[in-house]
Amino acid sequence: MRAEKQNSETRKRQIAAAAMSLITRQGVKGLSVAAVARKVGLVPSALYRHYKGKEEILEATLKLVEELIMENIRSVQKESSSPLEQLRLLMIRHLEMIQEFQAIPRIIFSDEVSASQPLRRTVLFKIVKGILEQVANLVAQGQRLGQIKPKLDPHTVSVIFLGLVQPPAILWYLSQGSFDISKHMKKAWPVFEKAIQSETFPADSFKKEIVYRSVKKGG
């Protein structure tokens, strides 16, 4: 019974990923049950065992976006013990995710997903709010450790952090990939870091941690 449920969840994620791939090429309006079924290697009737139709598949893609974001957050928390370094890594992961899953901007900015569907707009807002809460938690933790200026409001900083990611993602999407996200990251992060980092926190502490982790992996 448990194995069947696990297989079902795996299949659902495969279907959502296939839908994202189709949205990348054709947009939300080009999404159909038949096209998703072909992409996964199923007949439409088999796909209906997991989702009732296009609406539920689209909702599943939104859920997948949320899962990918949370996976990024868990990943950076395992990779570094420094909240400020976690924020830097999270910025990189998020922009890399958008480059890998090009459907994300199309889903977020599609009228079919948000403007014409209040429920989906609510789901999108929940996802963004969840990101902001997680980032605010990292900021608050950094303040407790003396890394981030104590007088800054964590939720305000989290919105500013999102501003590091969303505009370049939009520019990259609108320019069909010609906007250099890597170059932007290298320039944007030091500005953000300087603005929020505590004056009493050693500036080279992250470099020491990165070198330590590199040596540890190499050894």
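These are my notebook entries on a predicted model of one protein.

**Entry 1: confidence**

I looked up the confidence before anything else. The protein averages a pLDDT of 82, and 82% of the residues score at least 70. Among the elements, helix H2 (residues 33-40) has the highest mean pLDDT, 92. Helix H10 (residues 205-218) has the lowest, 42. Where pLDDT is low, the predicted coordinates should not be read in detail. I left the details of both stretches alone.

**Entry 2: the nonpolar core**

Which residues touch the most other members of the largest nonpolar core? I found Leu31, Val36, Ile57, Leu87, Met91, Phe161 and Leu164, out of 57 residues in that core. Helices that each supply at least two core residues include H1 (2-26), H4 (54-79), H7 (118-144) and H8 (154-174). H4 gives the most, with 10 residues. In soluble globular proteins, nonpolar side chains tend to be buried together.

Leaving out residues up to four places away in sequence, Leu164 touches Met91, His184, Ala188, Trp189 and Phe192.

**Entry 3: helix H5**

I checked the length of H5 (residues 83-100). At 1.5 Å a residue, its 18 residues should span 26 Å. The end C-alpha atoms are 25 Å apart, which agrees. Is H5 mostly covered or mostly open? It is mostly covered: 14 of its 18 residues are buried.

**Entry 4: helix H9**

I ran the same length check on H9. Its 16 residues should span 22 Å at 1.5 Å a residue, and its end C-alpha atoms are 22 Å apart, so the two agree. The buried residues of H9 are Ile181, Met185, Ala188, Trp189, Phe192, Glu193 and Ile196. An α-helix has 3.6 residues a turn, so residues three or four places apart point the same way.

**Entry 5: Ser198**

I moved on to the loop between H9 and H10, where Ser198 is found. Is Ser198 buried or exposed? Its relative accessible area is 9%, so Ser198 is buried. The Ser198 side chain makes a polar contact with the side chain of Thr200, at 3.0 Å. Setting aside neighbours within four places in sequence, Ser198 is in contact with Gly146, Gln147, Ile148 and Lys149.

Note on methods. Residues numbered from 1 in each chain as written. Predicted model: local features only at pLDDT ≥ 70, side-chain atom pairs only at ≥ 80, totals over all residues. Heavy atoms only, no water. pLDDT = per-residue confidence, 0-100. Helix = DSSP H or I, 4+ residues; strand = E, 2+ residues; numbered from the N terminus. Expected span 1.5 Å × (residues − 1). Buried < 20%, exposed > 50% of the residue type's maximum accessible area, 1.4 Å probe, protein only. Core = buried A, V, L, I, M, F, W, Y, C linked by side-chain atoms within 4.5 Å. Contact = heavy atoms within 4.5 Å. Polar contact = N/O pair within 3.5 Å; in protein donor to acceptor, adjacent residues only side chain to side chain.
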